Every structure is written in structure tokens, then in C-alpha cells.
Amino acid sequence: MLNEFQAFILGIIQGLTEFLPISSTGHLYLGRHLFHLDEAGIFLDTMLHIGTLLALLVVYKQEIISIVKKPFSKMTVLLIAGTIPAVFAGVLLGDWFDSLSKSGVTIGWEFLATGLILWFADARKGGTKTLEQISVKDAFIIGTFQAAAIMPALSRSGLTIAAGLLCKLDRSTAAYFSFLLSIPAIAGGIVFQMKPIFTGEVERLSFMALFIGTLTSAVFGYIAVVWMIDFLKKQSLKWFAIYVWILGILILSLQFTGKF
């Protein structure tokens, strides 16, 4: 049974790793495995994702208000173009990737792949495109990378930031648009997870533990978004690449020896 301390730790993990380019799904799997909560799955994940969605709604409240007031603006078109690939990936391949997420058999390799993508993108010559200069083609390419992150330990934020850099966005804009694009993706994922919740096909968890986890995820998600946008102005993604490489090698080693 999930307790308040475990929920607090998992909320921190979700809040930070949703927006740091190191994979929230992969880290949540590791966190649940550490706490022997492998069965505390979809309901817990949904509430933690609601926390990070709340963080995004606070950070991007002005942008959301602007979109509501002008629903046919260029930004609306960019978000639609960037979301289409994730919709197709979720509908066509969601069940298969969900089984991969539950098994954890591929996450070591996926952490290594995330590191390679981050390193390669960071090594490219810096772009200069601002938010106003993002094209529909750029948004679709970034969205395609986001769709690939349906794999459990491929970082959504890592892949979309890397895609933004490859599309010649400047570093802070790449992070800014990545997180903005994640709003419909996370919201859609929450809706997709609601069916088993409403039909009662989920585990029973403590209300207080879920509240603590959701609140913690929201607070640390807000911190991570603001920090990451500022961090990328001057700092390198290669530090995150090194981290996920170390983590991936450790996981593969433990799996090879039968200790994971």
C-alpha cells in the first residue's frame, strides 16, 4: 500500500523528471520498483501527471489565456501540428508501449538512447529562431520526437528539446516550446488513462497519499520548468546525457546479473 512518504518521494521524482530531460516514466518505474509498488500503477501515475499539468498551467497561464481569446492564432496551429504525431502513436501503439513500461525490460537501452540524442543535439551549432519564428514544419518535427517518447524511458522533454535544437531554435526557446507542447500531450495522456479509473479497474490507494503525491509533483514540476528554461540559456545538455548513460549502464548491469 502506498504511504505518504512514498507518495512524497514519487511526487518529487515525477515533478523533476517530467521536465528535466531524463525521463519521468523511466524514473517512476524505478521509484515504484524501489518501494515494491509495481502494482500501484495507472491511478498513481495519473494523479502525479495531473500535478505536473497543474504546474504547466500556472507557468503558461498567459499563453493559455491568449489561445482561448484567439483560438485561431498561429500558436494554436503550432500546438495542433506538434500534437498530431503523439495522438497517432498513442492510439495505434499505446497498449504495446504500456506493456513495455510495465515490464521495464527495455528501459536501460532507452536511457542510453536518450543520452545519445541529447549529446548529438547539444553538439550542433546553436540556432537563433525565436518563438515567433517557429514554423508548422518545425512544430511537426518536434511533435514527432515527442511521439517517439511514448517508449517508457525515452525522455519526452529531452527528445522535444533536442528536436527544437535540431530545428535551429535558440536554446531557451527550444525548452519553452517543448514544455508548452507538453500541455496537450499530458492532458491527452490523463484522459486516455481515465477509462480504467472510471470502470474501477485500478488499485485502491490512500486519498492523503495521492493528495501529497499530486501536490508535490505540482510544486517540483513548477520549479523544474522555470529552472530548465533558464538553465538552457547557458548550460549544456551533455550533463543530462552523462547521467542517463550512467543510469542505463547500471540498469543493464543489474538486469544481466539478475538483480533487477
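Grid points are joined across faces, edges and corners, and the volume is the space filled by probe spheres set on the points.

Before you go on, a word on what you are looking at. This is a predicted model, in which local features need pLDDT of at least 70 and side-chain atom pairs count only at pLDDT 80 or more, while totals for chains, interfaces and linings use all residues. Residues are numbered from 1 along each chain as its sequence is written, and side-chain values use heavy atoms, with hydrogens and water left out.

**Stop 1: the cavity**

Select Ala121, Arg124, Lys125, Gly126, Gly127, Leu165 and Arg171, which line the largest cavity (lining residues have an atom within 4 Å of a point). Its volume is about 30 Å³. Sorted by class, the lining has two nonpolar, two polar and three charged residues. In that count Ala and Leu go with the nonpolar group, Lys and Arg are charged, and Gly is polar.

**Stop 2: the cores**

Now pick Ile161, Phe177, Phe179 and Met228, the residues with the most contacts inside the largest nonpolar core, which has 47 residues. Such a core is a set of buried Ala, Val, Leu, Ile, Met, Phe, Trp, Tyr and Cys residues joined through side-chain atoms within 4.5 Å. Buried means under 20% relative accessible area, exposed over 50%, and partly exposed in between, with a 1.4 Å probe and protein chains only. Helix H9 (residues 171-198) supplies the largest share of this core, nine residues. Helices are DSSP runs (H or I, at least four residues), numbered from the N terminus.

Another core, of 13 residues, lies apart from the largest one; Phe35, Leu37, Leu44 and Leu210 are among them.

Zoom in on Phe179. Leaving aside neighbours within four places in sequence, its contacts (heavy atoms within 4.5 Å) include Phe19, Leu56, Tyr60, Ile161 and Met228.

**Stop 3: helix H1**

Show residues 4-17. Helix H1 has 14 residues and reaches 20 Å from its first C-alpha to its last, close to the 20 Å expected at 1.5 Å a residue; the expected span is 1.5 Å times one less than the number of residues. Its buried residues, including Ala7, Leu10, Ile13 and Thr17, pack against helix H2 (24-34), helix H3 (42-59) and H10.

What does Gln6 touch, leaving aside its neighbours within four places in sequence? Gln6 is in contact with Met1, Phe35 and Leu37. This H1 residue is buried, with a relative accessible area of 12%.

**Stop 4: Gly213**

Jump to helix H10 (residues 207-231), where you will find Gly213. Buried or exposed? Gly213 is buried, at 1% relative accessible area. Beyond its neighbours within four places in sequence, Gly213 is in contact with Ala7, Gly11 and Leu48.

**Stop 5: two loop residues**

Most residues other than glycine have a negative phi. Select His36, in the loop between H2 and H3: its phi is positive, near 60°, and the residue is exposed, with a relative accessible area of 70%.

Finish at Lys168, in the loop between helix H8 (156-166) and H9. Lys168 is not a glycine, yet it has a positive phi of about 75°, and at 33% relative accessibility it counts as partly exposed.

How values were computed:
On a 1 Å grid over the protein atoms alone, a cavity is a set of points where a 1.4 Å probe fits but cannot get out, and a pocket is an open set with protein on both sides within 12 Å along at least five of seven lines; lining residues have an atom within 4 Å of a point.
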